[in-house]
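Here are my notes for your read-through. Please keep the model open and check each point against it.

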Amino acid sequence: MQTLIENLLELSQVTTTGKPFEKVDLGKIALEVVEDLDAKLQTTQGKITLGKLPCIEADPFQMRQLLQNLIENALKYHKKDTPPQVILDSSFAIKKGWTINVKDNGIGLNEKFAERIFIPLERLHGMSAYEGTGIGLAICKKIISRHGGSIFVKSQEGQGSTFTFTLPEIQSPVH
């Protein structure tokens, strides 16, 4: 219950206590997140492959939280007898800005639930099957929204998932 309360507080504070935007190296942040998840990688025999990730204007704490949540989920929802494989990569389009993909070889999900997983407390699996509160992806969506981007998932049950989010390289002065 304490974890749930703390996660709900984190969700509510994304826009109210966010730090000012500054130049952030997503590649460096991703490396730090991978280091933090070393124990989980060893336990699951997982592997994370980092492609080239951009430098953008963002809240560094929230970018770390975003990548931590997405990578941790990719490791958590892996197939029982298959070590998790997670790939992060990016591309740039002038109109959209940066597109970052977090792709895994996990259990996947039915895409009819693709929007539902970003709603606070929504879970596709019982609490006994996977630990967590159902807040992580809602936090991700709120962080992305604060940064003027969007997030969605492409997935197929048993075939893994790709979480894709877009972020501008330079923030508009409105934020």
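1. Start with strand β7. Both of its faces are covered: S161, F163, F165 and L167 are buried on one side, and T162, T164 and T166 on the other. Buried means under 20% relative accessible area; exposed means over 50%, and partly exposed lies in between (1.4 Å probe, protein chains only). Helices (H or I, at least four residues) and strands (E, at least two) are DSSP runs, numbered from the N terminus.

2. A word on the source. This is a predicted model, where local features need pLDDT of at least 70, side-chain atom pairs count only at pLDDT 80 or more, and totals for chains, interfaces and linings use all residues. Residues are numbered from 1 along each chain as its sequence is written, and side-chain values use heavy atoms, with hydrogens and water left out.

3. Now the partners of β7. It pairs with β5 in the antiparallel sense, over 6 bridges. Strands pair if DSSP finds at least two bridges between them. W98 stands opposite L167 of β7. β6 and β7 are also antiparallel, again with 6 bridges. Here S150 has T166 in β7 as its bridge partner. The two strands β6 and β7 form a hairpin, with 5 residues between them. G158 in that turn has a positive phi of about 80°.

4. Which order do the strands take in the sheet? The order is β2-β4-β5-β7-β6, in an open sheet of 5 strands with mixed pairing. β2 (47–50) and β6 (150–155) are the edge strands, each with a single partner, so one side of each has no neighbour in the sheet. The twist averages 15° from one strand to the next.

5. β2 pairs with β4 (residues 85–93) in the parallel sense, over 4 bridges. K47 stands opposite Q85 in β4. Helix α2 packs on the sheet and touches β2, β4 and β5 (97–104). Contact means heavy atoms within 4.5 Å. The direction of α2 makes about 170° with that of β2. Axes are lines fitted to C-alpha atoms, for helices over the stretch in contact, and angles run from 0 to 180 degrees between N-to-C directions.

6. Q45 has a positive phi of about 60°, although it is not a glycine. Is Q45 buried or exposed? Q45 counts as exposed, because its relative accessibility is 60%.

7. Next, the helix pair. The axes of α2 (residues 26–36) and α4 (residues 60–76) come within 9 Å and cross at roughly 50°. That makes α2 oblique to α4. Angles under 35 degrees count as roughly parallel, over 145 as roughly antiparallel, 65 to 115 as roughly perpendicular and the rest as oblique. The contact is made by L26, I29, A30, E32, V33 and D36 of α2, and by P60, M63, R64, L67, Q68 and I71 of α4.

8. Finally, follow L67 in helix α4. L67 counts as buried, because its relative accessibility is 2%. Leaving aside neighbours within four places in sequence, L67 is in contact with L26, I29, A30, V33, L88 and F165. The C-alpha atoms of L67 and C140 are separated by 8.5 Å, though these residues are 73 residues apart along the chain. C140 is one of the buried residues of helix α5 (residues 136–146).
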